[in-house]
Amino acid sequence: MFLPDWLSRAAANFPDKLAVRCGGVDWTFAELERQATAMARHLASLGVASGDRVALLAANGLPFIAVVHALTRLGATLVPLNTRLSVRELRWQLTDVGAKLLLHDDIFAEMAQEIVQGMPSDGPFGEGAQREEQ
C-alpha cells in the first residue's frame, strides 16, 4: 500500500474509530482525513509540490500530525526542526536543506520571524519568502 493511501482507506473503513488522541482532543480517522486533506489543499495553494522541502517548527500535537499526512500526500518532504536549537542553528538548517516554506505553531511565531528575517536574500526565505502559521 502506498503511504498516502493508508489514511484514506482507514477513514473509509473505520471513520468513527479513534485515530489519535492528544491533549484531551480525539480525532477519528474521518477527522484526521479531513484535517490532512484541508492542510494539503492549503499547502498546495501556497505552491508546495512534490519534491519540495517544508520545515516545521512546532510542538508535537494534532497540527503536527496533519502536516505530516498533508506533505506525504503532496509528495513533499517534512523537515522537522528541533525547537530547542538556537535561531542561528535553525537558520543554517533551513538554508542547508533548501526548505521552500517554514510552518510554525503560534508559540514559535516570534522565533520563526527572527529566523526568516536573518536569512540571506538569495536563500530559501529571501525576498518574497513564504511563511505560514499552522
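Within what distance do the axes of α2 and α3 come, and at roughly what angle do they cross?

Author: Their axes come within 8 Å and cross at roughly 60°. Keep in mind that this is a predicted model, where local features need pLDDT of at least 70 and side-chain atom pairs count only at pLDDT 80 or more, while totals for chains, interfaces and linings use all residues. Numbering starts from 1 along each chain as its sequence is written, and side-chain values use heavy atoms, with hydrogens and water left out.

On to the helix pair. The axes are lines fitted to C-alpha atoms over the stretch in contact, and the angle, on a scale from 0 to 180 degrees, is taken between N-to-C directions. Under 35 degrees would count as roughly parallel, over 145 as roughly antiparallel and 65 to 115 as roughly perpendicular, with the rest called oblique; α2 and α3 are therefore oblique to each other.

Who touches whom? From α2 you get L32, E33, Q35, A36, T37, M39, A40, L43 and A44. From α3 come I65, A66, V67, H69, A70, L71, R73 and L74. Contact here is heavy atoms within 4.5 Å.

Two of those names, L43 and L71, turn up again in the largest nonpolar core, where they sit with V48 and L103 among the residues with the most contacts inside it. That core has 15 residues. A core is a set of buried Ala, Val, Leu, Ile, Met, Phe, Trp, Tyr and Cys residues joined through side-chain atoms within 4.5 Å. Buried is under 20% relative accessible area, exposed over 50% and partly exposed in between, with a 1.4 Å probe and protein chains only. Two or more residues each come from α2 (29-45), β3 (53-57), α3 (62-74) and β5 (101-104). Helix α3 gives the most, with 5 residues. Apart from this core lies another, of 14 residues, including V79, L81, L102 and I115.

Leaving out residues up to four places away in sequence, V48 touches L43, V54, L71, L74, A76, K100 and L101. So what lies between α2 and β3? Among the residues of that loop are G51 and D52. D52 is buried, with a relative accessible area of 17%, whereas G51 is exposed at 52%. Beyond four places in sequence, D52 touches G47, A76, T77 and K100, and G51 is in contact with G75 and A76. Look at G51 and L74 too: they are 23 residues apart in sequence and 8.6 Å apart in space, C-alpha to C-alpha.

Next comes β3, which is mostly covered, with 4 of its 5 residues buried. Strand β3 pairs with β4 (residues 77-80) in the parallel sense over 4 bridges, and V54 stands opposite L78 in β4. Pairing means that DSSP finds at least two bridges between the strands. Helices (H or I, at least four residues) and strands (E, at least two) are themselves DSSP runs, numbered from the N terminus.

V87, L90, R91 and L94 of α4 meet M111, E114 and I115 of α5.

Strands β1 (residues 18-22) and β2 (residues 25-28) run antiparallel, joined by 4 bridges, with L18 partnered by T28. The hairpin has 2 residues between the strands, and G23 takes a positive phi near 55°. G23 is exposed, with a relative accessible area of 78%, and its C-alpha is 8.8 Å from that of L62, 39 residues away in sequence.

Zooming out, the chain comes to 5 helices and 6 strands, in the order α-β-β-α-β-α-β-α-β-α-β. Of its 134 residues, 38% are buried.
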